[in-house]
Every structure is written in structure tokens, then in C-alpha cells.
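Look over the sequence and the model first.

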Amino acid sequence: GIFSSSVSAPPELREKALDGFAKAFSSGDDVARPAALGVAPGRAEVVGNHTDYNEGLVLSCAIDRYVVVAGRVAPDGGTQCRLASETFPGEQVVVQLPKVDDGDQVPKADAYEKLKQTGKTAWANYILGVVSELAKIDVHVVGFDAFVVSNVPAGAGVSSSAALEMATAKLLARLFPNSVGRLDDLTLVKAAKAAENNFVGMGCGVLDQYSSGMGRAGSLILIDCRSVSHEVVPMVGAQFVLANTNAPHALVDGKYEELRAVCFSAAAALRKKLGDTVTHLRDVSVDALSEHKDQLTPDELRRAEHIVHENDRVLRGVAACKEGNLTVLGEALSESHASSRDKFGNSSRELDIMQRCSQGIEGCYGSRLMGGGFGGSTINLVREDCTDSFVEELTKRYQAETGIAPTIWVCKPADGAFYEDV
């Protein structure tokens with residue numbers, strides 16, 4: 001994150017956060033005002049699909065859509081947490097955090113499990129999960145009030161959940177400078193990811209929280225999911241157009257886990273031939289895969305070909321970006337889509353139509369599905385002076401072919417999560 005005063009929440013979101021906070025937590029004439037804002041962006045995955053849990057490479061960026069969490073320490077200094085959100089008006093969540101004594105009394109992990117919300121208030125788990133994970137590394141907070149606003153589209157595959165987790169982490173770093181505030185950005189990213197895995201119960205890799213936490217305006221970031229580190233890759237001359245198919249997600253219950261399991265079994269089969277240095281598909285070269293493909297089932301081979309070549313495409317994309325060659329970067333995107341469609345099997349009818357419709361529109365360098373797949377959005381790399389006409393034409397083509405009105409919006413790479421004082 002960046003703490004210079006030049007970075008601040010978009011004015012309209014800031015306004016909404018302050019208003020909402022006052023409405024939610026004021027009593028009588030006492031107008032409630034937050035002490036700080038935690039701000040975190042959504043993310044776009046540029047190339048590198050399903051590579052993260054294979055300890056591979058991803059080229060991604062934070063995008064200029066944000067979750068803002070306005071907060072203050074509980075006025076009475078107690079353990080009560082009150083959480084409210086613009087998206088769920090009237091569904092305020094009130095919980096008592098486990099007490100932390102000054103002595104050696106540390107709350108048991110399951111003390112936090114009891115706070116888990118279900119049904120209409122399940123959104124609060126993204127906040128409570130961060131608190132719970134921080135407690136596991138012995139970083140404790142007392143009660144706080146928080147109000148959430150967002151212009152990150154939910155369900156579009158741009159990780160609104162990771163943005164909420166990272167905005168929460170940054171807010172807590174500001175409200176509790178002597179505990180959470182002492183942690184570095186990577187520790188906050190890992191706590192946010194663990195909140196999603198353990199408290200919310202989604203088995204994602206580190207890509208989403210890392211991109212939201214470490215993004216850089218005007219640049220993409222190359223993430224190495226093994227060392228959990230990144231390199232900043234400047235990009236000029238283009239913007240991203242994200243196109244939500246608005247089709248119901250295909251029936252994918254368990255499909256993500258299934259693909260993950262096949263990747264791990266492929267790596268295990270190749271380890272027998274290539275030796276113990278192969279722990280994940282990250283360790284398998286294009287040549288080694290073609291040499292030993294008879295070790296794999298047809299299913300394992302297709303999935304492994306996607307992952308091994310995808311890591312290669314990421315590196316080609318990065319090299320192209322550094323040379324300012326948007327044509328080659330765009331080709332990497334389009335080839336990635338073909339591989340997801342034909343080898344990995346995580347596309348959908350509507351994603352394929354949206355991707356095909358983008359081809360040949362002026363200014364479009366390339367496009368692909370992004371995120372888990374099976375539905376959701378495509379990402380399109382478009383020359384910056386063509387974005388308006390591109391959006392118009394893509395909308396028209398997709399709607400003509402599917403009868404569905406898509407939601408299409410332009411975004412650019414943004415700075416990662418930060419806090420600011422109110």
C-alpha cells in the first residue's frame with residue numbers, strides 16, 4: 001500500500017461512507033463520525049488462469065473500483081463490534097469480540113468461530129474473518145464500528161470479497177496502530193486470504209488479496225505465487241474493458257475443486273518421472289510435459305497443458321508489456337482463452353460468445369475469460385482512444401447473439417489498499 005496523501009478514496013464513495021456511518025451509529029444529537037477509512041480495490045486477472053494454486057505466475061492489476069470501510073474504535077472501549085453496509089440496509093450485525101486480558105489469557109480460536117454469520121448477514125464474515133485470522137497470529141483488537149460502501153461490482157469476477165477483506169485489514173491497521181498497525185502489507189494480505197479460506201470457506205489462492213493489496217496505478221503486477229512476491233510491470237496506451245456476460249453461472253458446484261485435484265494428481269504423476277523437485281505443475285517445463293505425457297490420463301494431460309503453457313504465456317505477456325508491445329500482450333490473452341476453453345474446460349457458452357464478439361472490433365488487442373470461469377466476465381485489452389466505441393459495439397454484438405444485455409465497463413490499473421484519516 002501507499003500512504004502518501006496523494007492517494008485517497010473516490011469523493012463520492014467517501015461521502016457515502018461518512019453519511020452511512022452517521023446514519024448507522026448516531027444516537028440522539030450525537031452525530032457518529034468515523035476516525036479512518038480503509039480503502040481497497042477490486043482486481044483484474046490479465047493472464048494466468050488457475051495458475052495461482054499451482055504455485056505459478058499471474059499477471060494482474062488492481063482496478064479503479066473500490067470498497068471503502070469507514071470505522072472507529074468502539075466509543076466505550078469495550079468489545080462490541082457493530083457492522084453495517086450500504087448494500088444490506090437494516091441488516092446491522094452486532095457481536096461481542098472475545099475478551100483479551102492483559103495477562104496470558106488469549107481467546108481460543110473457536111471463540112471467533114461462534115461469531116460466524118449465516119443468511120442475510122453472512123457478508124459480515126469477510127470482516128469478522130480478518131479479525132479472527134489476526135487473532136491466530138496473536139494480534140488482537142477490541143470492539144469497533146464499521147460501515148461498508150462499494151462500487152466494485154459483485155459477482156463480476158473482480159474479487160469484491162478480497163477488496164472487503166483488504167479494506168478491513170487497512171482500517172484495523174489505522175484504528176489499532178500498536179497491534180495491527182505494526183504488521184507489514186504481506187502479513188495483512190495473508191490474513192485476508194486466510195479469512196477467505198478458513199472463515200468464509202472459499203478455497204482461493206493468494207491472487208485476489210495480493211492484487212488488491214499490492215496494485216500500482218498505471219502498472220500491472222507479475223505475481224509469483226510460490227515466493228509470494230511481485231514485480232511491477234508498467235503498461236501504457238491501453239485500458240481494460242470488463243464485460244460481464246450476465247448469464248447464470250453454469251452448474252459448477254465442486255468444479256473448481258475438481259480441476260484443482262486434477263492439477264495436483266498430474267503433478268504427482270510427473271514427479272515419479274521427473275523427481276522430487278516437482279511438487280506442483282509450476283515445476284514442469286513445456287518440453288518435460290510433452291516428453292512424459294504418456295504418464296498422464298487424458299484429463300490430467302489437458303489440464304496440465306493449460307497450466308504449463310499458461311505460465312509461459314504470462315512471461316511472454318510481461319516481456320511484451322515491457323517493450324510496449326500491446327499486440328503481443330493481446331495475443332497472450334486470446335491464446336489463454338482458447339486454452340481455458342479447449343484444454344482446461346472452465347469456459348461457458350456465453351464467455352466464448354463474448355470473447356468471439358470482441359474479435360475484429362477496432363482497438364481490441366485481445367480478450368479472455370477471467371477468474372474461475374464457467375460464467376462471469378471477459379477482460380479485453382483495448383487501445384485507450386477506442387474504449388467508448390468498443391463498449392458500444394461489443395454490447396450490440398453480444399446482445400444480438402444471446403438476447404442477454406451485458407454489463408460492460410472500462411477500468412484502469414489502480415493503487416493497492418490503503419487507509420486514510422477522516
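In helix 4, Ser 161, Ala 162, Glu 165, Met 166, Ala 169 and Lys 170 meet Asp 185, Leu 188, Val 189, Ala 192, Glu 196 and Val 200 of helix 5, where contact means heavy atoms within 4.5 Å. By class, this contact of helix 4 with helix 5 has 7 nonpolar, 1 polar and 4 charged residues; Ala, Val, Leu, Ile, Met, Phe, Trp, Tyr, Cys and Pro count as nonpolar, Asp, Glu, Lys and Arg as charged, and the others, Gly among them, as polar. The model is predicted: local features need pLDDT of at least 70, side-chain atom pairs count only at pLDDT 80 or more, and totals for chains, interfaces and linings use all residues. Residues are numbered from 1 along each chain as its sequence is written, and side-chain values use heavy atoms, with hydrogens and water left out.

**Helix 4 and helix 5**
- The axes of helix 4 (residues 160-175) and helix 5 (residues 185-200) come within 9 Å and cross at roughly 130°; axes are lines fitted to C-alpha atoms, for helices over the stretch in contact, and angles run from 0 to 180 degrees between N-to-C directions.
- Helix 4 is therefore oblique to helix 5 (under 35 degrees is roughly parallel, over 145 roughly antiparallel, 65 to 115 roughly perpendicular, the rest oblique).
- Helices (H or I, at least four residues) and strands (E, at least two) are DSSP runs, numbered from the N terminus.

**Helix 3 and helix 4**
- Helix 3 (residues 125-136) and helix 4 have axes that come within 9 Å and cross at roughly 55°.
- Helix 3 and helix 4 are therefore oblique to each other.
- Residues of helix 3 that meet helix 4 include Tyr 126, Ile 127 and Val 130.
- The contact of helix 3 with helix 4 divides into 8 nonpolar, 2 polar and 1 charged residues.

**Pockets**
- The largest pocket is lined by 36 residues, of which Gly 157, Met 202, Asp 208, Gly 371 and Gly 372 lie nearest its centre; on a 1 Å grid over the protein atoms alone, a pocket is an open set of points where a 1.4 Å probe fits, with protein on both sides within 12 Å along at least five of seven lines, and lining residues have an atom within 4 Å of a point.
- Strand 1 (36-47), helix 4, helix 6 (207-214) and helix 7 (255-274) each supply at least two residues of the lining of the largest pocket.
- The lining of the second largest pocket has 15 residues, with Thr 87, Phe 88, Ser 150, Ala 154 and Ser 160 nearest its centre.
- Strand 5 (144-150) and helix 4 each supply at least two residues of the lining of the second largest pocket.
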